[in-house]
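Subject: Structure handover

Hello,

Here is the structure I promised you. Please open it beside this email and follow along.

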Amino acid sequence: MIHVARLARLDLTTEEIDRFTAQLSDVLNHVSDIEALDVGDIPPTSHPVALVNVFRLDELRPSLNHDEVLNAAPAVENGRFRVPPILDDKAANDDKAAQDRAGQDKAASQDMAVQDRASDR
Amino acid sequence: MSARALVSEIAAGRRSASEVLEEHLAHIYAGEPQLHAFNLITDELARASAAAVDIAAKAGRPLGPLAGVPVALKDNICTRGIPTTCSSRILDGWCPPYDATVVSRLAAAGAVIVGKTNLDEFAMGSSTENSAFGPTRNPHDLTRVPGGSSGGSAAAVAAGFAALAVGSDTGGSIRQPAAFCGIVGMKPTYGTVSRFGLVAFASSLDQIGPLAADVADAALLYDLLAGPDPADSTSIRDFVPNAVNHLDRGVDGLRVGVVAELSGGPGSVQGLAPCVVGRTTDAVEALSAAGADVRVVSVPSAVLGLSAYYLVAPAEASSNLARYDGVRHGLRVDAATTAKMNIATRTLGFGDEVKRRIMLGTYALSAGYYDAFYGKALKVRTMMLREFASVYDNVDVLVTPTAPTSAFALGERTADPMKMYVNDVCTIPANLTGHPAISVPFGTAADNMPVGVQIMAPALHDGVTFQVAAVLEKAAS
């Protein structure tokens with residue numbers, strides 16, 4: 001759960017982890033009918049209508065209004081989106097620590113998945 | 001008064017668009033505190049639109065097909081310079097820099113947009129309780145939900161706040177609230193209505209469609225919304241909508257299938273309320289009496305739809321909602337680095353249901369689980385397409401209940417997501433296959449709340465869903 005939350009860029013409280021784990025286990029339990037299904041060599045359908053490349057004429061068209069786009073953003077500077085530092089010393093250290101933790105979490109999340117699968121049966 | 005009647009009254013000069021608008025605004029001001037159908041009432045802009053219609057009418061200029069008709073717009077459809085929140089904190093303060101194609105079409109038709117309606121956050125839900133701004137209530141009973149996710153749009157029409165409403169339907173989000181609120185709601189064939197400017201939830205399932213008090217009004221709005229759009233690459237190029245022309249065709253000789261698996265027949269999904277099954281049976285008998293050739297058909301994979309949907313939709317959502325990172329839209333929670341800001345913003349900005357779906361989708365797509373979950377779900381989608389195609393060799397339309405029950409009480413299902421998800425069991429197949437489907441009111445349940453019956457048809461046969469719904473509407477009245 002913690003690993004999935006990190007992949008999804010979410011920070012969950014302990015209470016949320018407990019609650020979501022139980023709720024999502026229910027859902028995974030339900031979708032086990034699909035997991036157990038023998039679908040053979042049926043091809044997958046990712047889209048209800050056959051997608052084809054759509055081309056338009058290569059001609060200049062007005063773009064979105066620059067000011068309107070930037071006005072909708074939380075922070076701008078010099079006509080661009082402004083963000084906090086991508087890296088700083090402390091962040092670099094945190095990232096290393098996070099990587100160390102990720103190794104442990106991966107094992108933990110596999111445990112969770114094993115439990116989910118066990119409860120399916 | 002119907003949208004059709006308003007159009008002709010205004011065109012004939014018997015009433016002004018401004019008078020019509022003020023009547024609707026009076027309803028809104030009186031009823032909105034109880035219902036909370038809107039996130040934003042755009043009354044000043046609406047007054048300007050109505051005045052423009054009146055000036056055009058006085059000058060004898062030609063009026064659009066919806067000139068002066070008050071329309072409510074789901075708040076996940078972009079309106080230039082007007083807040084579009086998706087009922088989420090994460091879009092707090094964001095104003096889109098462009099109009100959705102359907103908004104441009106409504107404006108060109110002379111429609112008067114009265115407000116942006118409440119929804120489950122990012123359209124994820126079946127009750128409109130997952131809104132950051134509080135729930136909408138059902139106009140028939142304030143202790144009950146209006147359905148969702150287009151609950152605000154359905155409540156607005158049912159309460160007479162607007163003659164028409166626009167919603168979006170990813171797993172039943174137009175049809176189920178229409179059923180709960182006793183109105184008509186229709187999900188068009190995927191690709192017939194432009195999604196340009198609809199905030200993406202699950203891109204292969206999302207479709208914009210009409211909600212209205214009766215079938216003819218829904219057809220009027222559908223014919224206006226549908227049609228090709230170069231700005232949407234999944235838009236069907238040469239499609240010409242003609243729902244209004246289908247309204248008086250009747251069902252004599254039409255082949256109608258009742259889907260056993262979704263109607264309480266053999267191998268049916270569980271949890272269908274007996275009174276809902278009863279109303280569906282009544283509707284089928286009414287069609288038979290009107291000359292339709294009725295038979296029971298089997299679509300075994302329909303029972304797998306719920307599972308396939310709750311893998312495909314969250315998977316697509318987890319990808320689509322990755323864009324909300326505190327950089328370009330609305331909310332930002334400041335932090336020392338961009339990576340921490342992304343996490344802090346998403347953690348504060350998204351509500352529980354959105355977090356659950358993102359987590360579920362991320363899990364279903366993650367290494368080691370992709371084949372078992374998402375990959376399998378896509379194969380089930382193929383199975384469903386094949387089974388529906390073979391059933392449609394022998395029938396023209398299919399009938400099921402719209403939802404397993406009538407409107408439930410506020411708070412009844414919020415603690416148990418799976419209990420909420422089963423609401424969508426009958427509506428989901430049309431999204432996974434891209435087929436058109438309509439919900440039309442047909443009688444009431446044991447609790448006196450409205451019941452909706454669903455008509456499904458093959459892709460691009462949107463008109464026939466209105467044709468059958470018109471017959472059911474007549475039979476129900």
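Start with strand E6 (residues 208–212) of chain B. It is mostly covered, as five of its five residues are buried. Buried means that 20 or more other C-beta atoms lie within 10 Å of a residue's own; 12 or fewer makes it exposed, anything in between partly exposed, and C-beta atoms are placed from the backbone. Helices (H or I, at least four residues) and strands (E, at least two) are DSSP runs, numbered from the N terminus.

Some housekeeping. This is a predicted model, in which local features need pLDDT of at least 70, side-chain atom pairs count only at pLDDT 80 or more, and totals for chains, interfaces and linings use all residues. Residues are numbered from 1 along each chain as its sequence is written, while chains are lettered from A and ligands numbered from 1 in the order in which they are written.

Now the confidence. pLDDT is the predictor's confidence in each residue, from 0 to 100. Chain B has a mean pLDDT of 97, and 100% of its residues reach 70 or more. The model scores ipTM 0.91 and pTM 0.93.

Back to E6(B). Two strands pair if DSSP finds at least two bridges between them. Strand E4 (residues 164–168) of chain B runs antiparallel to E6(B), with five bridges. There, Val166(B) stands opposite Pro210(B). Strand E5 (residues 184–187) of chain B is also antiparallel to E6(B), with two bridges. Here Gly185(B) faces Leu211(B).

One pair is parallel: strand E7 (residues 255–259) and strand E9 (residues 397–401) of chain B share three bridges. Val256(B) has Val397(B) as its bridge partner in E9(B).

Next, helix H5 (residues 151–158) of chain B. Eight of its eight residues are buried. Among them are Gly151(B) and Val157(B). Gly160(B) follows H5(B) and has a positive phi, near 75°.

Which residues touch the most other members of the largest nonpolar core? They are Val71(B), Val157(B), Val184(B) and Val397(B), in a core of 174 residues. Such a core is a set of buried Ala, Val, Leu, Ile, Met, Phe, Trp, Tyr and Cys residues joined through C-beta atoms within 7 Å. Contact means that the C-beta atoms of two residues, placed from the backbone, lie within 7 Å. Leaving aside neighbours within four places in sequence, Val157(B) contacts residues including Leu164(B) and Leu211(B).

Finally, chain A. It has five helices and two strands. From the N terminus on, they run α-α-α-α-β-β-α. Of its 121 residues, 16% are buried. In all, 47 residues of chain A are in contact with 58 residues of chain B. On the chain B side, helix H12 (371–391) is among the elements giving two or more residues. H12(B) gives the largest share, 12 residues.

Best wishes
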